[in-house]
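Thanks for coming, everyone. Please bring up the model on your screens. I'll start with one term and then walk through the chains.

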Amino acid sequence: MQSLYKKPKTLIDTPTHFCPGCGHGIVLRLIAEIIDAWNIRGRTIGLAPVGCAVLAYNYLDIDMCEAAHGRPPAVATGIKRVHPDHMVFAYQGDGDLAAIGTAEIIHAANRGENITFIFVNNAVYGMTNGQMAPTTLLGQKTITTPSGREPLNYGHPIRICELLAVLDGSSYLERVSISSPENIRKTKKALEKGFKTQREKKGFSLIEILSPCPIYWRMDANESMRYIDEEMTRTFPLGVVKDWEHKN
Amino acid sequence: MKQLLTGNEAAAEAAIQAGCRYYYGYPITPQNELINYMAIRMPQVGGTFIQAESEIAAINMVYGSAAAGGRAMTSSSSPGISLKQEAISYLAGSELPCVIVNIQRGGPGLGDISASQADYFQAVKGGGHGDYHLIVLAPSSVQEMADLVYDAFDLADKHRNPVMILGDAQIGQLMEPMEFSKKPREVFPLKDWALTGAEGRKRNVIKSFYPIKGQLEEFNAHLQKKYRTIREHEVRYEAINIHGADIVLVAYGTSARICKEVVKKSHQSEFKVGLIRPITLWPFPEQVIKTMSERVQCILTVEMSAGQMVEDVRLAVEGKCPVHFYGRTGGGVPTSLEIMRKIAEVVPSNLIDKVNRILPLVEVK
C-alpha cells in the first residue's frame, strides 16, 4: 500500500505552542517536507527569529540557531561564510524582518548573500499580543492602532519584496499565501525555488508568505483565510517579483 | 623577527595567527588600522572579511560564525561597542566563543577620538542585559596586544565565552617593535556543539531562550559555575616592587605605562612606589590586591576615567587601607608629574618628606 500523506521525518512529533488557526505550522511543515524530499537534513542550518516562531527549533529536527530580534540575516551571513555549501535559511516574521531588522535584510540582499529567507507576513505582532506590524494594512485595527492604521501617524504597509527587488543583489523574490490547498502547493513550489536558488549559488532569495493570525485579527479560521484572499492580497499582490531564471 | 606595527595592526595579525578566519567590522576611529589590515590580510589566508552595514550587523555575523564553529572577531571603539551590547549579551547567553576588540575613545556620547578608559564598567560589569561576564584583557603595549589577542581565542574556546580586548586609542595607534613569537594555530579544539549540519548525529541548537519555568535559573547556575572556574584559573596581573612599597599604584593599559615611569623614578629615592597592573580586568586580580593592602600604607588607583576600576580595588581591599584615586577624563592622559603630586597629597604625613625628595626627579622631565 502506498502512503500518500504522513508526518515528514524532519518535523518533530510534539505539540506546538502556536495558537489555533495559526499559519506557522503549515509553513514549518512545508520546510520539513522539502528537507526530507531533498535529503538535506545533515547539510541544512536554520535560523529562528524573535517573535511567534522563536521556537521553530522545537519543531524542525535540524541544526538551528536563534538570533536577536531582527538579526537573522546577519547571523545567517556569519553561518553561511563558515559553511558555504550548506543550505542556510532564516525564518522571520514581519516585525523581525520588516521593522527592527530592516537594515539587516536590505544589506544581506544587497550583498547577494546566498541564503534563503522565509518571511511570514501576518500583518500583526502576535507574540506580544497584537500590536501593529510594519505590514499592517491601512484601516486594520490592532491594539496599537485601535481606530485602524491610518498613514498620517502610522505610515504605510511595507512591501518587502518590491523594496528588495530594486537591489541588484537580490535574485529571487516571490509572494505567496497559504490561504487554500492550492496556494499552499504554490508556497511549497516557491520554497523549493528558494532552496534551488541557493543550491545553484544564484544568491539572495526571499519568499514572503501571507499567513493568518485568527487570534489577533479577531476572526475565525475561515474568515482569516478569506481576509488574506480578499484584503491582504490587495496590498500585497501574490506572484513572482523577481526571478534570476526569467529576467525581464 | 621584530616588526614595527601599531597596536591595531598587531591585534589583527595576532588574530590571523590564532586561526581567526572570520572578521566583521565597521569603520570607527581610533580602530581603523585594524579593519583596514583585515581587508587586505583575510583574503590572503582564505578567510572572510565583511565590512558590515553597522556595528550591530558585524557582531551578529560574529555570532553566526562562532555558532558555526569558526574563530571569529570584530573590533570597534566605544560608541560602536555600545551598539554591540545586545549581541554581546546573546553571545554570553548562548555561550559562543569569539573576540571583541574595543579601542576605547572618550565619551559619553560621540565624545572624541583620543584615548580613554571610560568603558571599564561597560566591559567588566556587563554592558548588556542579564547576569553575565566577558573575560576582559587589557594590553599595555603593542607586544602585549598581540600576545593577548592570540590567547583570547584560546580562552574563548576553552570556556565557551566571549573575550573582550580592552585597549585604548594610545595602545591602538602607537607603533612599537614587536614580534609574533607564537606558532600560527593550526589545530583547534573540537566543538561538538557547533552548527555544522546534523549529519549522522542529533541536532545542535544554539539559543539563549529558556521559556520553561526553572530552566533559565538552572542555566544561570551553570553560567555562574563557569565564571567561578574562570575566576579561579585565569587571573593575570603584573606586580612591580610591591614588597616593601610605601604606596602601591593600581593601573591598567596606558595608565599603567605612565605609572611604571613613576615606579622607575622612585628607584632613585628612598620612597618606594609599587605597581599592580591588572592584565585580566575580569576576572579581577582581587587576591593580590587584598593581600598587598594588608602590608601597605595606602593605594592610589590611576585611570583615564572619572573612577571606575577604583571601585573594584576598594571591593578587594575591604577597607584595610585607604584607596585613593587619580583620573583624567575626556581624552586627558595623566602625566608622571601629576601622579607624583597626587601621591604627595595622599601619603600619610610621616612619608611626606620622602616624597618631597623625589618630586624634583620627576619634574626634571
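Two strands count as paired if DSSP finds at least two bridges between them. Keep that cut-off in mind. Strand β2(A) and strand β9(B) are joined by two bridges, and they run parallel. So by that cut-off of at least two bridges, this is a strand pair, and it links chain A with chain B. One residue pair to click on: A:M64 stands opposite B:V205 in β9(B). A reminder before we go on: this is a predicted model.

Now the whole sheet. What is the strand order? It reads β9(A)-β7(A)-β8(A)-β4(A)-β3(A)-β1(A)-β2(A)-β9(B). That is eight strands in an open sheet, with mixed pairing. Which strands stand at the edges? They are β9 (239–243) of chain A and β9 (205–206) of chain B. Each has a single partner strand, so one side of each is left without a neighbour in the sheet. Further in, β4(A) and β8(A) pair in the parallel sense over six bridges. There, A:N121 stands opposite A:L210 in β8(A).

Next, the contact between the chains. Chain A puts in 29 residues, and chain B puts in 32. On the chain A side, the elements giving two or more residues are β1 (44–48), β2 (63–66), α2 (72–82) and α4 (102–110). Which of them gives the most? That is α2(A), with eight residues. By class, the chain A side has 14 nonpolar, seven polar and eight charged residues.

Stay in chain A for one helix. Helix α7 covers residues 181–199, which is 19 residues. Its first and last C-alpha atoms are 27 Å apart, close to the 27 Å expected at 1.5 Å a residue. Several of its residues are buried, including A:T187, A:A190, A:L191, A:G194, A:F195 and A:Q198. What covers them? The cover includes α1 (24–38), β3 (87–93), β4 (116–121), β7 (170–177) and β8 (204–210) of chain A. After the helix comes A:K201, with a positive phi near 55°.

Over to chain B. It is divided into domain 1 (3–187 + 204–233) and domain 2 (237–364). Taken over C-alpha atoms, the domain centres are 28 Å apart.

How many of its residues are buried?

Who are its partners? Strand β5 (residues 98–104) of chain B is joined to β7(B) by seven bridges, running parallel. In that pair, B:V101 has B:I165 as its bridge partner. Strand β6(B) also runs parallel to β7(B), with three bridges. There, B:V136 is partnered by B:M164. Between β6(B) and β7(B), the chain passes through helix α6 (residues 142–159), and this β-α-β crossover is right-handed.

That's my tour. Over to you.

Key:
Residues numbered from 1 in each chain as written. Chains lettered and ligands numbered in written order. Predicted model: local features only at pLDDT ≥ 70, side-chain atom pairs only at ≥ 80, totals over all residues. Domains from an automatic or database assignment. Helix = DSSP H or I, 4+ residues; strand = E, 2+ residues; numbered from the N terminus. Expected span 1.5 Å × (residues − 1). Buried ≥ 20, exposed ≤ 12 C-beta atoms within 10 Å, placed from the backbone. Contact = placed C-beta atoms within 7 Å. Right-handed = clockwise from strand over helix to strand, strands pointing away. Nonpolar A, V, L, I, M, F, W, Y, C, P; charged D, E, K, R; others polar.
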